[in-house]
Amino acid sequence: MLNDRIPLHILPTFVIAARLENLRATAQQVHLTHGAVSQQIQQLEQAIGCPLFERRGRGLRLNAAGRELLAVAEPALLALQRGVGRVRRIAASHSLRISVLPSFAHYWLLPRLPAFRDACADIALDIDASLAVQDLAQGGFDAAIRIGSGRWPGLYAERIASGEVVPVASPALAQREQKAFDSAASDVPLLEHDATPWRVWFQAHQQVDYGRQLALFNDAGLLIRAAEQSFGIALVKRLLAHDAVGDGRLVEMAAARRLGDGDFYLVWPQAAGLTPAVEQLLAWLRRQLSEA
C-alpha cells in the first residue's frame, strides 16, 4: 500500500546505493551496517509502493522506477545542499567569496583593500583570482567581477565601470615612440591582449594595421607589467591602467575609446539574490569607481 509519508531521510542512502549498486559499498560510505542499509531501501520501497532495484544475488541493479526516482532525487538533494550552504554562510558570518580576474585583483582591487576594510569592517573577503570563468553556484561563490556584455545565464549583473581601452607605454618608451605611433609607422612595438586585439583599435580609428607585434598575452596583468618594463605599447582596459598612469609608471598615448561589449560587471547568482554582503560590496564598488 502506498504510504503518503515518504521517508525523505533515506533518499541520500538511496542515491548512493543507486550509483554504487552495491549495498556493502554503500554501507561503508554512509557509515551504517549492511543490514541497516538493506532495511532502509526496503522501507523506501514500501513507502513508495514498488521495487526500485532488481536483486541479483548480492548485487543490485536499478529498475525503471529506481532510475526515475534517481533522476528526481539526486538534483533535489544537490540543490538542497547548496541552499543550506548559502544559508549557513549568511548566518554564520559576513564572509564574501568572490571570483575576479588576476589583472583586476592585482591592479585595481588589492591597492583598495584597506579602503574596503575601513568601509566594510564586518565583511571578510575570500578572493579567488582566476582566468577561468567560474561556476558561481558550483564553486560556492557569492559574487564575481566579470568583463563582458552583462548577460550571463542564471546571474544578475550590475555594470560598475566602462571597459574603454587605451594605448599605454612607459614614459621612456612613450617619449621615444609617440611620433611614430601618431604617424602609423610600421616599426612601432606593440603588445597585445587576446581579448583586445590591436586590429579592433585600428578599425575603430579607420586605420590600416601598423606596427610590430612583439608579444601576445592572455592576462592583462602581464600585459601591463610588460608595458611598464618598456617592452612595447600595450592596449589595455583604462580602469586597469588607472593607478599606473596616475603614479607615472605608464603614459596614455592616445585618448581612451570603448570598443564593443567589454564593460566591468558585478554578478551574483539569481538563486541567492542580492545578499546584504553582496549589496555592501556593490555600494562600495560604486563609490570607488565614481571617483576614478
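Modeller: Let's start with a rule: two strands pair if DSSP finds at least two bridges between them, where strands are DSSP runs of E with at least two residues, numbered from the N terminus. This is a predicted model, in which local features need pLDDT of at least 70 and side-chain atom pairs count only at pLDDT 80 or more, while totals for chains, interfaces and linings use all residues. Residues are numbered from 1 along each chain as its sequence is written, and side-chain values use heavy atoms, without hydrogens and water.

Colleague: What makes β3 and β4 a pair?
Modeller: They share six bridges, in the parallel sense, and the rule asks for at least two, so they pair. I98 stands opposite I127 in β4.

Colleague: Why is β4 called an edge strand?
Modeller: The open sheet runs β4-β3-β5-β12-β6, with mixed pairing. β4 (124-129) and β6 (155-161) each pair on one side only, and that puts them at the edges.

Colleague: Why is C120 called buried?
Modeller: Buried means under 20% relative accessible area, exposed over 50%, partly exposed in between (1.4 Å probe, protein chains only). C120 has 3% relative accessibility, so C120 is buried.

Colleague: Why does C50 count as partly exposed?
Modeller: C50 comes out at 27% relative accessibility, so C50 counts as partly exposed.

How values were computed. Helices (H or I, at least four residues) and strands (E, at least two) are DSSP runs, numbered from the N terminus.
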